[in-house]
Amino acid sequence: MTNSGPNESQVRLEALLATAVDGIVIIDKKGTVEVYNQACERLFGYTSEEVVGQNVKMLMPPPYYDEHDGYLENYGTTGERRIIGIGREVLGRRKDGSTFPMYLSVGEGAFDSEPKFVGMIHDITERRQVEDDLREREARLASILQTIPDAIIIIDDRGLIESFSPAAERLFGYGFEDVVSKNVSILMPAPYRTEHDGYLARYLATSEKHIIGIGRIVVGLRCDGTTFPMELAVGEIVIGQRRLFTGFIRDITERQRTERRLQDIQADLVHVSRLSEMGQMASALAHELNQPLSANMNYVKAARRTIDGIRMPEIARAMELLDKAGAQTARAGQIIRRLRDFIEKGQSTRTCENLNEVVEEALALGLVGAADANVKVTVNLQAELPPVPMDKIQIQQVILNLVRNSVEAMQAVARRELLIRTMTEGGDSVMVDVVDSGPGLSPEVEQKLFQPFTTTKETGMGIGLSICRSIIEAHGGELWATANREGGVTFSFRLPQRDEMETSDAL
Ligand SMILES: Nc1ncnc2c1ncn2[C@@H]1O[C@H](COP(=O)(O)OP(=O)(O)O)[C@@H](O)[C@H]1O
Ligand SMILES: [Mg+2]
């Protein structure tokens, strides 16, 4: 060590201080700065001349600025360590007043028999930035998970739950703590419950995908033991050596309920439409048969009068037969009338309904297939329609008939646009327009549009519109058609708020 005089160690120390990447500050027990290296100059923006000999607190923002002298004093008297030998993250203050996060480690030494403190300062702005970014990204992800309506569950390759989103908590009734690290099979009813581990093991062994990336409808088991139908889509994530599976789960109870309801309504409508087609047939038949039957009756009476007074045994027999023919004719009339009455007075239940909802439901049924027919459908419902009394199924049937006619008519043209709108009319009536861009009504049809058996279709019955008119008139409303200026037809009906006619004689 003879060669290394104080000069050489001085030179080495200077070199060390000058080349250190981290800031180095040495202070005395009062806090006066004795050493302030080049890294510190870069970090704080003060030159060494500006700092050496000053209280180190000039490098600190409040509250440290005001408290630092106290710390030193306290340490001097009690020896209680807050930072010495420990190190911690604090804020530094630059010459321009801005602050930055730094990691400060403080060591204690005694040079010249005086206690000194050595502070090593590492700028952690970048690390903080990365941490903040990460935290922000996590917060964003958490908020997405929080709001996403689908439940999300992440499991590891043994099937143990690692993550359970708030929607999953709501759906299954378990809290995160209840399920974390438990086997995901607790969310499944038997037999899946016992088979799931096997599925996973088989997948890991064979990579044969049964559900991953495919998605399917399975049954979920809630905390309270009830089950529900759910749509499950499973994805796979590989992070380093770890393999995780994400499950996206959607409760489809509601959808199934809606589908079932649609089926119910459809069945109802089919039923009603058969009934009213029969009723309509009966009315039409009654109407059509009335003429020949009454003519027949007149002929019978005339024939009877003609031979009345002729005294012959054969004539007496013929009279008897004519009376019988007359009675049978009268009976035929009665039978038809009774049939018509029976069907007309068939159960029709009136409830106060919002026409918009009725229209929407009918469209959900009626427009099945409209997309295939290449029809662009626009629905324009006026808000806050007054509820009106109606037989909902019958009114839906009217809408359905009108929509079907329009869709069918538009098959003959290239531009296929259907508009269905609702509105109030005269304050207390509600109205529906079904506007199409079809070919319009042909003149021969226009005359007898609402009469039974009017059709231009090969397989048409020609009774749809007459049924519609009967239904609307039975509700005290009106149904009519107008030609659109730009082509096509508008069928409109109006329903009064109060039932103006209790029974209809329209049939
Ligand atoms: N939107 C429409 N555009 C053009 N013609 C129509 C329209 N709606 C009905 N028609 C005509 O009215 C006729 C009677 O209709 P309808 O009573 O429903 O019986 P069907 O549909 O069985 O023919 C149809 O055949 C058609 O010629
Ligand atoms: Mg029709």
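Two strands count as a pair here if DSSP finds at least two bridges between them. Helices (H or I, at least four residues) and strands (E, at least two) are themselves DSSP runs, numbered from the N terminus. The model is a predicted one, so to speak of a local feature takes a pLDDT of at least 70, and side-chain atom pairs count only at pLDDT 80 or more, while totals for chains, interfaces and linings use all residues. Residues are numbered from 1 along each chain as its sequence is written, and chains are lettered from A and ligands numbered from 1 in the order in which they are written.

Let's start with the sheets. Strand E6 (residues 151–156) and E7 run antiparallel and are joined by 3 bridges; one detail to look for is Ile155, whose bridge partner in E7 is Ile161. These two strands belong to an open sheet of 5 strands, ordered E7-E6-E10-E9-E8 with antiparallel pairing. At its edges sit strand E7 (161–164) and strand E8 (216–221), each of which pairs on one side only. From one strand to the next, the twist averages 35 degrees (axes are lines fitted to C-alpha atoms, for helices over the stretch in contact, and angles run from 0 to 180 degrees between N-to-C directions).

Arg243 is partly exposed because it has 13 other C-beta atoms within 10 Å; with C-beta atoms placed from the backbone, 20 or more others within 10 Å make a residue buried, 12 or fewer make it exposed, and anything in between is partly exposed. Not counting residues up to four places away in sequence, Arg243 touches Asp157, Glu236 and Val238, where contact means C-beta atoms, placed from the backbone, within 7 Å. Arg158 is 85 residues from Arg243 in sequence, yet their C-alpha atoms are 9.5 Å apart in space.

Another antiparallel pair is strand E3 (residues 88–93) with strand E4 (residues 99–111), joined by 6 bridges. Here Arg93 has Thr99 in E4 as its bridge partner. The E3 and E4 hairpin has 5 residues between the strands, and Gly97 takes a positive phi near 90 degrees.

Of its 35 residues, Leu355, Val359, Val398, Ile399, Leu402, Val434 and Cys468 touch the most other members. Helix H11 (355–366), strand E13 (388–390), H12, E14, E15, H14 and strand E17 (489–496) each give two or more residues to this core, and H12 supplies the largest share, 9 residues. As for Val359, leaving out residues up to four places away in sequence, it touches Leu381, Ile399, Ile420, Thr422 and Val432.

H12 turns up again around ligand 1, giving the most to its shell with 4 residues. The shell holds 21 residues, and Asn405, Ala409, Thr455, Gly460 and Gly464 come nearest (a residue is near a molecule if its C-beta atom, placed from the backbone, lies within 6 Å of it). Helix H12 (392–410) and helix H14 (464–474) are the elements giving two or more residues. The shell splits into 8 nonpolar, 11 polar and 2 charged residues; Ala, Val, Leu, Ile, Met, Phe, Trp, Tyr, Cys and Pro count as nonpolar, Asp, Glu, Lys and Arg as charged, and the others, Gly among them, as polar.

Finally, Asp428 lies in the loop between strand E14 (417–425) and strand E15 (429–436). Asp428 counts as exposed because it has 11 C-beta neighbours inside 10 Å. Setting aside neighbours within four places in sequence, Asp428 is in contact with Pro386, Pro496 and Gln497.

Methods
Two residues are in contact if their C-beta atoms, placed from the backbone, lie within 7 Å. A nonpolar core is a set of buried Ala, Val, Leu, Ile, Met, Phe, Trp, Tyr and Cys residues joined through C-beta atoms within 7 Å.
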